[in-house]
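Visitor: Please take a close look at one part of this model. I want the local picture first, then how it sits in the whole.

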Amino acid sequence: MTSLLTTFLNPADASATMLPCHDTDAADLFFSERPADLEQAKTLCAACPLIDECRQGALDRREPWGVWGGAIFDAGRIIAVKRGRGRPRKNRDQDAA
Ligand code: SF4
């Protein structure tokens, strides 16, 4: 998987350390299985100067999962909320709504 840092910035760029997702205490939130963690990651993205470029880049690359540009990705597309683990819905059409 491409790291967020190498996606947007030269690794030698000191400003890379300013990205919220590059904070070692918060990095795991962006790829967590827990919906609450993903919501927290989205909140952190809101302060990022690269939010628009990050989201568009993730769409272009069809990122399989994670929070990118303040949005939750699943199979290359943005979803409103990530469902927690559990029994799947009986009617899969409800997921498209
Ligand atoms: S928008 Fe979010 S995921 Fe993208 S670089 Fe900024 S903090 Fe990281």
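Guide: Ala 75 is partly exposed, because its relative accessible area of 49% falls between the cut-offs of 20% and 50%. The model is predicted, so read each value as computed from a prediction. Ala 75 sits in the loop between strand S2 (71-74) and strand S3 (77-79). Its backbone deserves a check. The phi of Ala 75 is near 55°, which is positive although the residue is not a glycine.

Ala 75 is also a partner of Glu 63. Leaving out residues up to four places away in sequence, Glu 63 touches Ala 58, Trp 68, Phe 73, Ala 75 and Gly 76. Glu 63 itself belongs to another loop, the one between H3 and strand S1 (65-68). So what is the burial state of Glu 63? It is buried, because its relative accessible area is 6%, and the limit for buried is under 20%. A polar contact of 2.8 Å joins the side chains of Glu 63 and Arg 61.

Next in that loop comes Arg 62, also between H3 and S1. Arg 62 is exposed, because 54% relative accessible area lies over the 50% cut-off. Here too the backbone has a positive phi in a residue that is not a glycine, about 55° for Arg 62. Ala 75 has a phi near 55° as well.

Now follow Glu 63 to another of its contacts, Trp 68. Trp 68 lies in strand S1. It counts as buried, because its relative accessibility is 0%. Trp 68 can also be placed against Gln 56. The two are 12 residues apart in sequence, and their C-alpha atoms are 8.8 Å apart.

On to the ligand. There are 10 residues around it, and the nearest are Cys 21, Cys 45, Cys 48, Cys 54 and Gly 69. By class, the shell holds nine nonpolar residues, one polar residue and no charged ones. Cys 21 is buried, because its relative accessible area is 15%. Cys 45 is buried too, because its relative accessibility is 7%. How many disulfides does the whole structure contain? The search finds zero.

Step back to the whole protein. Four helices and three strands make up its secondary structure. Along the sequence they run α-α-α-β-β-β-α. The protein has 97 residues, and 31% of them are buried. Among contacts with a separation of 6 or more, 37% join residues 24 or more positions apart.

Last, the confidence. The mean pLDDT of the protein is 84, and 76% of the residues score at least 70.

Note on methods: Residues are numbered from 1 along each chain as its sequence is written. This is a predicted model: local features need pLDDT of at least 70, side-chain atom pairs count only at pLDDT 80 or more; totals for chains, interfaces and linings use all residues. Side-chain values use heavy atoms; hydrogens and water are left out. A residue is near a molecule or strand if one of its heavy atoms lies within 4 Å of it. Ala, Val, Leu, Ile, Met, Phe, Trp, Tyr, Cys and Pro count as nonpolar, Asp, Glu, Lys and Arg as charged, and the others, Gly among them, as polar. A disulfide is a pair of cysteine sulfur atoms within 2.5 Å. Buried means under 20% relative accessible area, exposed over 50%, partly exposed in between (1.4 Å probe, protein chains only). pLDDT is the predictor's confidence in each residue, from 0 to 100. Helices (H or I, at least four residues) and strands (E, at least two) are DSSP runs, numbered from the N terminus. A polar contact is a pair of N or O atoms within 3.5 Å; within protein, one must be able to donate a hydrogen and the other to accept it, and residues adjacent in sequence count only if both atoms are side-chain atoms. Contact means heavy atoms within 4.5 Å.
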